[in-house]
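Work through these exercises with the structure open beside you. Try each task before you read its solution.

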Amino acid sequence: MARPLGESHKRFLQTMMVNGIIDGAKARALHRHCCEAHGAHYAHDKLDDFIEVINAQLQPMFMQIRKGMSEEDGLQYHALVNMAETDVTRMSTDYADNELELFRKTMDLIVDSDNGTASSTDILNCADSLQTKKLKKRETEHVLNRLVQDKWLNEKNGDYSLSTRCIMELEPYIRMLYQDQVKVCHICHNVALQCQTCENPTCGIKIHTPCVARYFKGRTDPRCPACEDFWPHEIPDVYRPPSSQSETQSAAKENTAPAPTPRSTAQTRRTRRS
């Protein structure tokens, strides 16, 4: 029988509902804050157990707080994901049909690319070939901004990539739809889009850039972990995030905002028509 949620669990879940996704440092800070605020037992190494109590209650609603890694910096994140469906139709309450089609075409471009990104120019060109309803340039830019704001896409210097939250939530769909194109990281075994590839034509394994940094750290003669050919790519430094006490306290405060008021059906319909 699942344990009932305490006030500390409810506060943690409320914050996850507001944010959707938070990094590991903020999750640990939030765990401590929630426990201390409600007089619950706190143990710094029990975050996974704490979240399991919440997930047991979320299971009948086909939701889960899932842990995953960012392809960009290798940091660990926690995201509240919907497990009821395995494709982008779960986004249909927030996006119109042509906006969803644009998102799918953006995913196609990202998966087909060599570096896991799609340029804004290529995405804008896709908007002219939508089967549902074509989008003007300004409308396309507005949709892309919303997708970034809603944490489905990341944008950097005009290039778009799938966000950590998107990959964590849609990974089963991505693996199914792009099974002949998408590979997994040889090190962490998660979907690899932003990665380095072994140039041996009989090998071709992929490794996330952060995984490359950790795996080859300190090796003067980097060799492919699968075929042992020389690894010709630049070995990046291991990313080390700031971890001051003030930032940790700030993260806890930022992540305990009150939950937003749910949108009414009328508001949802207006959003879909916009």
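**Exercise 1. A ring and its surroundings**

Is Phe 216 buried or exposed, and what is its relative accessible area?

Solution. Bear in mind that this is a predicted model.

Step 1. Find the value: the relative accessible area of Phe 216 is 2%.

Step 2. Compare it with the cut-off: buried means under 20%. Phe 216 is therefore buried.

**Exercise 2. Classify two aromatic pairs**

Describe the pair Phe 103 and Trp 152, then the pair Phe 216 and Trp 231.

Solution. A pair of aromatic rings is described by the distance of the centres and the angle of the planes.

Step 1. Start with the total: a search of the whole structure finds 4 aromatic pairs.

Step 2. Take Phe 103 and Trp 152. Their centres are 6.4 Å apart, with 65° between the planes. Planes over 60 degrees apart count as edge-to-face. Phe 103 and Trp 152 form an edge-to-face pair.

Step 3. Phe 103 is in helix α4, and Trp 152 is in the loop between α6 and β5. The two are 49 residues apart, and the pair links distant parts of the chain. Both Phe 103 and Trp 152 are buried.

Step 4. Take Phe 216 and Trp 231. The centres of these rings are 5.5 Å apart and the planes stand at 35°, so the pair is tilted.

Step 5. Phe 216 and Trp 231 both lie in the loop between α8 and α9, so the pair ties together parts that are 15 residues apart in sequence.

**Exercise 3. Charges over rings**

Which rings have Arg 165 and Arg 219 over their faces?

Solution. 

Step 1. Arg 165 lies over the face of Trp 152, 4.0 Å from the ring centre.

Step 2. Arg 219 lies over the face of Tyr 215, 4.2 Å from the ring centre.

**Exercise 4. Salt bridges**

How many salt bridges does a search of the whole structure find? Describe three of them.

Solution. Side chains of opposite charge can pair when their charged atoms come close.

Step 1. The search gives 8 salt bridges.

Step 2. Asp 48 and Lys 67 meet at 3.2 Å, N to O. Asp 48 is in helix α3 and Lys 67 in strand β2, 19 residues apart. Asp 48 has 42% relative accessibility, so it counts as partly exposed. Lys 67 has 41% and is also partly exposed.

Step 3. Glu 99 pairs with Arg 146, with the closest N and O atoms 3.4 Å apart. Glu 99 is in helix α4 and Arg 146 in helix α6, 47 residues apart. Both Glu 99 and Arg 146 are buried.

Step 4. Asp 221 pairs with Arg 223, with the closest N and O atoms 3.2 Å apart. Asp 221 is partly exposed at 41%. Arg 223 is partly exposed at 37%.

**Exercise 5. One histidine**

Where does His 78 lie, and is His 78 buried or exposed?

Solution. 

Step 1. His 78 lies in strand β3 (residues 76-82).

Step 2. The relative accessible area of His 78 is 2%, so this residue is buried.

Step 3. Check its contacts beyond four places in sequence. They include Met 16, Ile 51, Lys 67 and Met 168.

Methods
Residues numbered from 1 in each chain as written. Predicted model: local features only at pLDDT ≥ 70, side-chain atom pairs only at ≥ 80, totals over all residues. Heavy atoms only, no water. Phe/Tyr/Trp six-rings, centres within 6.5 Å; stacked < 30°, edge-to-face > 60°. Helix = DSSP H or I, 4+ residues; strand = E, 2+ residues; numbered from the N terminus. Buried < 20%, exposed > 50% of the residue type's maximum accessible area, 1.4 Å probe, protein only. Lys NZ or Arg CZ within 6 Å of the ring centre and 35° of its normal. Salt bridge = Lys/Arg side-chain N within 4 Å of Asp/Glu carboxyl O. Contact = heavy atoms within 4.5 Å.
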